[in-house]
Amino acid sequence: MNVIIRSARLDDIPQTCSLLSELFSIEADFMPDAEKQAAGLRLLLTDRSGQSIVFVAEKGDEIIGMCSVQTLISTAEGGRAGLLEDLIVRSDCRGNGIGKRLLSEAFKWCASENISRLQLLRDKENAPAQKFYIGNGLRDTLLVCMRKAL
């Protein structure tokens, strides 16, 4: 596949919202909501602090994959850590190395930003995602995610 990985732009929001809809339809903890997803993407894409980035996989005029990384301060690391969000490749384009390329771009960005750890949340019922992440060097931890909607 002739696919380019690049930083996302504001005009990518409609297509990336479609990808997020696909992602959130398979994650038990989230629901697709194009308005909310567009607002979140807009915040990420207009953030000039350098604390986040969104990558897209583009084939021709179509966005067929995406991921984002946001930074936080880790007291355990004594510096910046990254949170990988929303890694998704359109279902009909999976198995072609696009997810691996997006993840690789996220790793490179983290290295360039002196981010010492990249972490993510994944749906524990999504065995293909777990296999993908383990195959790309990520490991499960003993930490458990908890949350409260505010």
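How do strands S3 and S4 pair, and over how many bridges?

Strand S3 (residues 62–74) and strand S4 (residues 79–89) pair in the antiparallel sense, and nine bridges hold the answer to the count. Two strands pair if DSSP finds at least two bridges between them. Strands here are DSSP runs of E with at least two residues, helices are runs of H or I with at least four, and both are numbered from the N terminus. One example of a bridge is Leu72, whose partner in S4 is Ala81. S3 and S4 make a hairpin with four residues between them, and Gly78 in the turn has a positive phi of about 70°.

Before going on, note that this is a predicted model: local features need pLDDT of at least 70, side-chain atom pairs count only at pLDDT 80 or more, and totals for chains, interfaces and linings use all residues. Residues are numbered from 1 along each chain as its sequence is written, and side-chain values use heavy atoms, with hydrogens and water left out.

## The whole sheet

Now zoom out. Five strands form an open sheet, in the order S1-S2-S3-S4-S5, with mixed pairing. Strand S1 (4–7) and S5 stand at the edges with a single partner strand each, so one side of each has no neighbour in the sheet. On average, neighbouring strands are turned by 30° against each other, direction ignored; the axes behind that angle are lines fitted to C-alpha atoms (for helices, over the stretch in contact), and angles in general run from 0 to 180 degrees between N-to-C directions.

Strand S2 (residues 52–59) pairs with S3 in the antiparallel sense over eight bridges, and Lys59 stands opposite Glu62 in S3. S4 and strand S5 (residues 118–120), on the other hand, run parallel and are joined by three bridges. Gly82 stands opposite Leu118 in S5. To get from S4 to S5, the chain goes through helix H3 (residues 98–112), and this β-α-β crossover is right-handed. That label applies if, with the strands pointing away from the viewer, the path from the first strand over the helix to the second runs clockwise.

## Rings that meet

How many aromatic pairs does a search of the whole structure find? It finds two. Rings of Phe, Tyr and Trp (its six-membered ring) pair if their centres lie within 6.5 Å; planes under 30 degrees apart count as stacked, over 60 as edge-to-face and the rest as tilted. Phe24 and Phe30 form a tilted pair, 5.5 Å centre to centre with 40° between the planes. Phe132 and Tyr133 have ring centres 5.2 Å apart and planes at 70°, so their pair is edge-to-face.

Phe24 is buried at 11% relative accessible area, while Phe30 is partly exposed at 37%. (Buried means under 20%, exposed over 50%, and partly exposed in between, with a 1.4 Å probe and protein chains only.) Phe30 also has Arg147 over its face, 5.1 Å from the ring centre; the rule asks for NZ of Lys or CZ of Arg within 6 Å of the ring centre and within 35 degrees of the ring normal.

## Cysteines without partners

A disulfide is a pair of cysteine sulfur atoms within 2.5 Å, and by this rule the count is zero. The sulfur of Cys67 is 9.3 Å from the closest cysteine sulfur, in Cys110, which is too far for a bond. Cys67 is buried, at 0% relative accessibility. Cys145 is in no disulfide either: the nearest cysteine sulfur, that of Cys110, is 19 Å away.
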